[in-house]
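Please consult the sequence and the structure shown here alongside the text.

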Amino acid sequence: MSPKNKLDLWLPRLVLSPSLLAVLIAVYLFIVWTAWISLSSSQMVPKFDFVGVEQYVRLWSTPRWHTAVANLFIFTALFLTITIALGLFLAILLDQKVRAEGFLRAVYLYPMALSFIVTGTAWKWILNPDLGLQKVINELGWTGFVFDWITQPSFAIYCVVIAAVWQSTGFAMAIFLAGLRAIDTSIIKAAQIEGASLPRIYLNVIVPMLRPAFLSVIVLLSYISIKSFDLVLALTNAGPGSATEMPSTFMFAATFRRNQMGVGAASAIMMLMTVAAIIVPYLYSELREDRNAH
Amino acid sequence: MKLTTILAASIALAPVAAMAESKGKVEGIHHWVSESEVKALKVITDKLATKGYTWEDSAVGGLSGANALQALRTRLAAGNPPATMQFLGYEGLDWGKQGVLRSLNDLYTKNGWDKALAPQLLAFVKNGDDFISVPINMHRQNWLWANKAVFDKAGVKEPKSWDELIADGEKLRAAGAIPLAMGDESWQILEVFEAILVDVNGPEFYKKAVIDLDEGALSSPEMIATFDRLRKVRGLVDDGFTGRDWAVATGMVADGKAAMQVMGDWAKGEFLAKGLKPGVDFLCFPTPTDKPNFKFVIDAFGMFKVDDAVTTAGQDAWAESIMDPEVQKQFNLIKGSIPARSDVSVDSFDDCAKRSYADREAAVKNGAMLGGLTEGFAAQPQFAGVFTDVVGKFFVTDMSSKDAVQALVDGINNAR
């Protein structure tokens, strides 16, 4: 083998190795470390003893954790469904060759440029019955109008959904729009010649062709919802009375504020397993398709 | 101490803050970032400068010090602790048990500091036989702040019991004010709850239920009655309390929109900043009780074990600056609290601080000096957290008092 060929062989590996090492340490090593801590009696600082699943038992006997898990499912389900439905709807409307499309697209995309802290704070004020929407409408003359979900523990989680949907819909729209643009218009024309109505064309022809776009949106939005920490903190601070607690806020509180590092680690592992349950099948199916394509 | 080298490795990659200690520097982590807090801190650092040491500020604000603690964990793991750090509640004792804090016994003995401090306070600066921190100030937590004009208009005077306070609410509402200003944040609710708990049931009960976490006291009828009273207090609060910051609530009292607020004396600064005068524009009295008590919150600085003699000498200078009577006086005039030392005169302080000082003297004698639960001076954070959760939930839902007590007992047992 000539020296040049040797270089060709080793250069990619050499270039990739630092990032590989960083990922191995910063991601996988810490996953193992967290798992280890979750089996120890760690409170304020890490301890490396072994107490079995005691911390998991403690975690699952904490009512606040049950609230957090329930909220995660409510939030993820609603957030994904509404964002995808709205994003797709907007993308289809924008795809009708409307005037000033570039401007409209930018308008819908702008919320995505904000941080969740800004979104959360703004919506905290909009949803506050004494400051925001309710007050404005009451002053306009409709005095019976009530919109105080954010004050009600059983409804506050929907306020988090509203703010998150507002922020992410434009993003979903952009991806769907790109997907729509990639579809060959002759297919639509062919369907029209066959006499299919427009709604039918979209439902049976175009939406199924958007499958790759759907997958990207679902994966990206799921991970936004799992890590929805800043939004909750800014919007409700997990209140009223821990009604909008999320696994991420629970983990932070347990680990850093309540000296329950073991419980915090256990909750982190539970979150990891939830994500893995979603991502692993997805990766598996994607990788399998890759192999088929070759 | 067996802290992980893995953590250390991850930090090595992060940009390293100026590690080189130049001669005569004292570096400290604290979470004082508001304007008055920074000004107050300058009193101590100026004193330190006269002793020939410069202060290196490592302020980590946010989340009531949780961010600062996180910064400390990282620094300790990297084997690079700061010279000193501000501690609230059990934090100092917990770190002392980890063996990372320096014993300050020689300084205490030399200067007789232990005699200048209230015995109940010593419990938070002494780990076993070792003094591990020096306290700069003492806030009183169980205050009731009132707008004088609103009180006069409604014909209401300083209430003498919680039942009276609740009854006064109606008169204040009739006078057009929201009786009690507060936010729905769980810690604000806990402030009210623990005030009722000790004011109605007395210091002994508080010690049993909150400090000793005695299951009998926690599940007693007195506890249920405390929740019942808290439910009545909910009726004094307006519906716009969602996400309201404590300082905003203080502002409502200052503006006359609301009549009262239950809050520690850090609220005083908000009134003073608006140019209001104690006794003239606003009133301060302890939360109503026939069993006088004093709930305290202190800020103390601990010194970390370090190898080099220069830093150790700097720590000595820092501790002496903090415990200097004149520094304690000037610092607290700005911060709104009273000196941690019981032997510093408060003649130049305002009436609220004077009352605080007198009440403290009485409470020390009567054994009614108690640590505040909300700020972490009564129970360890994992237990205080259960109180926060249950009381916060109770206040914003229609949970029954009995269920709340059950949740409290279960939660405490689960965290044990």
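The model is predicted. Chain A has 13 helices and zero strands, whereas the secondary structure of chain B comprises 19 helices and 13 strands. The two chains touch, with 29 residues of chain B in contact with 30 residues of chain A.

**Overall form of chain A**

- From the N terminus on, the elements of chain A run α-α-α-α-α-α-α-α-α-α-α-α-α.
- The radius of gyration of chain A is 24 Å, well over the 19 Å that the globule rule gives for 294 residues, so chain A is more spread out than a compact globule.
- Along its principal axes, the C-alpha trace of chain A spans about 80 × 70 × 30 Å.
- Of the 294 residues in chain A, 33% are buried.
- Among contacts in chain A with a separation of 6 or more, 69% are between residues 24 or more positions apart.

**Overall form of chain B**

- For the 416 residues of chain B the globule rule gives 22 Å, and the radius of gyration is close to this at 22 Å, so chain B is as compact as a globular protein of that length.
- The C-alpha atoms of chain B fill a box of roughly 65 × 50 × 40 Å along the principal axes.
- Buried residues account for 51% of the 416 residues of chain B.
- Of the contacts in chain B with a separation of 6 or more, 80% are between residues 24 or more positions apart.

- On the side of chain B that touches chain A, two or more residues each come from α1 (5–13), α3 (66–77), α18 and α19 of chain B.
- Helix α18(B) supplies the largest share of that side, eight residues.
- By residue class, the side of chain B that touches chain A divides into eight nonpolar, 14 polar and seven charged residues.

**Packing of α18 and α19 in chain B**

- The axes of α18 (residues 381–396) and α19 (residues 401–415) of chain B come within 9 Å and cross at roughly 160°.
- An angle over 145 degrees counts as roughly antiparallel, and α18(B) is therefore roughly antiparallel to α19(B).
- The crossing of α18(B) and α19(B) is right-handed.
- On the α18(B) side, the contact is made by Gln382(B), Phe383(B), Val386(B), Asp389(B), Val390(B) and Phe394(B).
- On the α19(B) side, the contact is made by Ala404(B), Ala407(B), Leu408(B), Gly411(B), Ile412(B) and Ala415(B).
- The residues of this contact comprise nine nonpolar, two polar and one charged.

**Local backbone features of chain A**

- Gly195(A) follows α8(A) and has a positive phi, near 95°.
- Ala100(A) is not a glycine, yet its phi is positive, near 55°.
- Ala100(A) lies in the loop between α3 (63–94) and α4 (101–113) of chain A.
- Ala100(A) counts as exposed because it has 9 C-beta neighbours inside 10 Å, the cut-off for exposure being 12 or fewer.
- Ser242(A), also not a glycine, has a positive phi of about 55°.
- Ser242(A) lies in the loop between α11 (230–235) and α12 (247–257) of chain A.
- Ser242(A) is buried, since 25 other C-beta atoms lie within 10 Å, and the cut-off for burial is 20 or more.

Key: Residues numbered from 1 in each chain as written. Chains lettered and ligands numbered in written order. Predicted model: local features only at pLDDT ≥ 70, side-chain atom pairs only at ≥ 80, totals over all residues. Axes fitted to C-alpha atoms, helices over the stretch in contact; angles between N-to-C directions. Helix = DSSP H or I, 4+ residues; strand = E, 2+ residues; numbered from the N terminus. Parallel < 35°, antiparallel > 145°, perpendicular 65-115°, else oblique. Left-handed = near helix turned anticlockwise from the far one by under 90°. Contact = placed C-beta atoms within 7 Å. Nonpolar A, V, L, I, M, F, W, Y, C, P; charged D, E, K, R; others polar. Rg over C-alpha atoms; globule rule 2.2 N^0.38 Å.
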